[in-house]
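Here are my notes on this model. Please read them with the structure open.

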Amino acid sequence: MLGMGVVGSGVARALSQKSDSLANQIGANVCLKSVLVRDKTKQRSFEIGQNLFTDNFDEILERTDIDIVVEVMGGEHPALEFILAALESGKHVVTANKEVMAKHAPDIFAAARRKDVRVLFEASVAGGTPVVSPLMRDLVANEVVSIKAIINGTTNYILTRMSSEQIDYKTVLKDAQNLGYAEPDPTNDVEGIDAAYKLAILSTLGFRAQVKDSDVFCEGITSLSAKDFQYADELGYAIKLLAISSRINGEVQARVHPALIEKDQMLAKVDGVLNAIEIETDLTGRVLFHGPGAGSMPTSSAIVADIINIGRNVAGNAAYLDPVRLSESIKVQSISDLQTKYYFRLEAKDEPGVLAQIGSALALNKISISSFIQKGFDPEQGTAELVIMTHRATERSVQSALKDIKDLDVVARIGNMIRVSE
Ligand code: NAP
Ligand code: HSE
């Protein structure tokens, strides 16, 4: 096992506590033979024999009594090189590494194929909630039409509290850090990067062509304010950080951003640190996967399941079938081509003709207003807050309209623009 932090300690605990059950299911014992860490003297949350620790990856690579390498160290490098080297030396790999899988899946699959070994990565998306295996196996008869998901527990926790308690982002982030949900450096979670890695993996499996993290448009949650939640609620919406990908005329569109979602939709009701992934396909229609997206023991469930699956192959000497066949390439659409409804919150002077000017900027960009509300008046600034909902428009015209509106003398500030999930 490479790494013994939050996830690795859970895996070691599960392997130890369930050794009899695993032996029954696999038909052979599973033994933890060696654990790579940076600091061999550090205390771990689950104790194993001190002699199992090494800080030298080559020791693991050279051992012929190791069949499976479990990579739970995280980060792109050297995890990628270790995974490729393990496969090259004929060892099977189980990994929880979303960054490596989002960026390098085709190279990793090719290396596994060359050496006739397996690579499984259920834990890389949604922790303990199965979705990678179902996409590769149970839904394989389907064409995936779209994936819509909440796949970052930290941000879902923050948004849930901002919504229910009407408090601002910074206050909840501090609480989330104190509770251990958010990292001291929360960038990957709050800027949507973690969700983009996971969406890239799901999209690659769903559309059977590589969708890289850099193909995913990504916008985080830091610009959301308590007011957005109040107004969204009044309009019948929740706000969630959604990861959405869809196949449109043979092309893929993949995006992570905060979205208004109607309160009666299932994803709108997914609260706290939980994850949910809704997959729409041609044969099944919509399927929803819902459960814990992180944590030591839930994530160990996904990793140990992968170990059991590979273990059965190893013990039974069974040939293994390539789980994913990727086509050469698929065109990825720019976010500018997105067509959806939009929410705008603006601060503008409260005087005659203001609405006409804003309406005209929208009309010139071919954007039609579906509703308009004027909220509180700020006597110090002499401004009122305007909330505008649009009919369907393209992102290209919305960005152009927002530029025009920002340039109007009567507009003090554009508070926020949030896309609506249809
Ligand atoms: P973590 O707590 O930071 O643990 C990382 C472990 O890897 C540590 O034991 C560390 O050793 C070791 N390590 C890191 N770089 C190393 C290097 N260059 N050489 C040797 N050892 C190295 O991380 P984690 O939360 O367990 O996450 C592990 C992976 O699982 C990541 O890919 C993460 O995205 C994924 N994942 C995590 C969760 C979750 O709930 N945490 C859920 C799903 C997936 P030392 O202890 O000696 O520093
Ligand atoms: N940081 C991730 C989350 C957990 O908040 O969902 C690991 O995938």
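1. Start with Phe-57. Its relative accessibility is 7%. The cut-off for buried is under 20%, so Phe-57 counts as buried. Keep in mind that this is a predicted model.

2. Where does Phe-57 sit? It belongs to helix α3, which covers residues 57-62. Leaving aside residues up to four places away in sequence, Phe-57 touches Leu-2, Leu-36, Phe-82, Ala-85 and Ala-86.

3. Phe-57 and Val-252 are 195 residues apart along the chain. Their C-alpha atoms are separated by 38 Å.

4. Now the domains. Domain 1 is made of two segments, 6-121 and 295-327. Domain 2 spans 132-292, and domain 3 spans 336-421. How far apart do the C-alpha centres of domain 1 and domain 3 lie? The separation is 51 Å.

5. Next, ligand 1. There are 22 residues around it. Which of them come nearest? They are Met-4, Val-7, Asp-39, Arg-44 and Gly-295. By class, the shell holds 11 nonpolar, six polar and five charged residues.

6. Check the polar contacts of ligand 1 in turn. A polar side-chain atom of Arg-44 is 2.5 Å from a ligand oxygen. For Lys-42, an N or O atom of the side chain lies 3.0 Å from an oxygen of ligand 1. Arg-38 uses the backbone: one of its polar backbone atoms is 3.0 Å from an oxygen atom of ligand 1. On its own, ligand 1 has 910 Å² of accessible area, and the protein covers 79% of that.

Methods
Residues are numbered from 1 along each chain as its sequence is written. Chains are lettered from A and ligands numbered from 1 in the order in which they are written. This is a predicted model: local features need pLDDT of at least 70, side-chain atom pairs count only at pLDDT 80 or more; totals for chains, interfaces and linings use all residues. Side-chain values use heavy atoms; hydrogens and water are left out. Domain bounds come from an automatic or database domain assignment. A residue is near a molecule or strand if one of its heavy atoms lies within 4 Å of it. A polar contact is a pair of N or O atoms within 3.5 Å; within protein, one must be able to donate a hydrogen and the other to accept it, and residues adjacent in sequence count only if both atoms are side-chain atoms. Accessible areas come from the Shrake-Rupley method with a 1.4 Å probe; for residues, only the protein chains shown count as cover. Ala, Val, Leu, Ile, Met, Phe, Trp, Tyr, Cys and Pro count as nonpolar, Asp, Glu, Lys and Arg as charged, and the others, Gly among them, as polar. Helices (H or I, at least four residues) and strands (E, at least two) are DSSP runs, numbered from the N terminus. Buried means under 20% relative accessible area, exposed over 50%, partly exposed in between (1.4 Å probe, protein chains only). Contact means heavy atoms within 4.5 Å.
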